Amino acid sequence: GEHLAVFRSQDGQAHVLDAHCPHLGANLAAGGRVRGGCIECPFHGWQFRGEDGKCTSIPYAAKVPDRARVRGWPSCEVNGMLLVWYHCQGLDPTWAVPEQREITTGEWVFRGQTEHLVDTHIQEIPENAADAAHLAFLHGPAILAGSDLRYTRSRLWDFMKHTWKAEWQPEPEPNQHCSRLLLQHSATIFGQRLCLMDLTVSARQVGPGLVYLTFEHAFLGRGVILQTVTPLQPLLQSVSHKIYYQKNVPAIVPKFILRAECVQFERDVTIWNNKQYLSKPLLVREDSGIQRHRRWFSQFYSQGSARSPAREEGLDW
């Protein structure tokens, strides 16, 4: 629900400011121009410094008021993305986003991306990592069966099955804001294991909205899918997947991996788009990972927030 102006100053540094000029409300991102390290309002030419949002120049005024500024947002550029820190109480970032060395050095190159809008509570998407039981049921049918849940269990594709072994763990201090999921994937055709489909995936969640899905295959090399979850509204999330892969591996390989991941992800999307978030779900003993994940994820809700799980019994909003 925020309106932002994102620009790169002439020294190459990226900046993120509130979009609307405090003078008369013009949108700095709609017609504004970069002037050195500032962005210039298209309405009256007021200039705002990218570093802190302070107004440095009003072309027709003798003095710039001290309170003439727009809010600046903490941001960083890493792994080919511009990431913005949000805290409902305005606190500064409490951790840094790790760099994927292979992307920075150019060993792995960009090979495509997918984007989805998902109508769900923000907690539902990362919670999948700790829900081991759904893997066999929802993601066991062959990817050839597609993502339409009416047909994924069709007998036509029954000759092929996916098998998953998953283990989710939160990371200890000082990386308590991170968690890891280790996935072992294999596939069978007519009951016979297809070794070419063996795949190891390590998913590292950094904060509530960034995941590194690192792939390792015995013959097809290594790469990573970067997943970002950006809340647009309380129950609307924008999810993107960007794949980077070894540049000496033919592009068709990472594109196939991304396509297969997309099919499986869209099965989840069908569930998320139509489910209800339950703050007190009915769980069985084998669902203990979900409860552990919820305790871990609760750190990302501010204690001062009216919707904090510590101050309200649930997250049904």
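Modeller: Let's start with a term: a salt bridge is a side-chain nitrogen of Lys or Arg within 4 Å of a carboxyl oxygen of Asp or Glu. Keep in mind that this is a predicted model.

Biologist: Okay, where does Lys-275 meet Glu-124 in such a bridge, and what does the pair tie together?

Modeller: The general idea is that side chains of opposite charge can pair when their charged atoms come close. Here, the side chains of Lys-275 and Glu-124 meet with N and O 2.8 Å apart. Lys-275 sits in the loop between α4 (252–274) and α5, while Glu-124 belongs to helix α2, so the bridge ties together parts 151 residues apart in sequence.

Biologist: How many salt bridges does the rule give?

Modeller: The count comes to 17. Some share partners: Arg-101, Glu-102, Glu-107, Glu-216 and Arg-222 are joined that way into one network.

Biologist: What about Arg-8, which residue does it pair with?

Modeller: Glu-77, with the closest N and O atoms 2.9 Å apart. That pair links distant parts of the chain, since Arg-8 is in strand β1 (residues 4–8) and Glu-77 in strand β7 (residues 75–78), 69 residues apart. Arg-8 is partly exposed, with a relative accessible area of 46%, and Glu-77 is partly exposed too, at 45%.

Biologist: And which residue does Asp-18 meet?

Modeller: Arg-71, in a salt bridge of 3.3 Å from N to O. Asp-18 lies in strand β2 (residues 14–18) and Arg-71 in the loop between β6 (55–57) and β7, 53 residues apart. Arg-71 is partly exposed, with 40% relative accessible area.

Biologist: Switching to helices, how do I read one from its buried residues?

Modeller: An α-helix has 3.6 residues a turn, so residues three or four places apart point the same way. Now look at helix α5 (residues 288–297): Gly-289, Ile-290, His-293, Arg-294, Trp-296 and Phe-297 are buried. They cover an arc of only 160° around the axis, so they fall on the same side of α5.

Biologist: What covers those buried residues of α5?

Modeller: The cover includes α2 (124–127), β10 (160–170), β11 (178–189) and β13 (199–206).

Biologist: Last one, which domains does the protein have, and how far apart do their centres lie?

Modeller: The domain assignment gives domain 1 (4–73) and domain 2 (101–296). Their C-alpha centres lie 40 Å apart.

Note on methods: Residues are numbered from 1 along each chain as its sequence is written. This is a predicted model: local features need pLDDT of at least 70, side-chain atom pairs count only at pLDDT 80 or more; totals for chains, interfaces and linings use all residues. Side-chain values use heavy atoms; hydrogens and water are left out. Domain bounds come from an automatic or database domain assignment. Buried means under 20% relative accessible area, exposed over 50%, partly exposed in between (1.4 Å probe, protein chains only). Helices (H or I, at least four residues) and strands (E, at least two) are DSSP runs, numbered from the N terminus. The arc is that of the directions from the helix axis to the C-beta atoms. Contact means heavy atoms within 4.5 Å.
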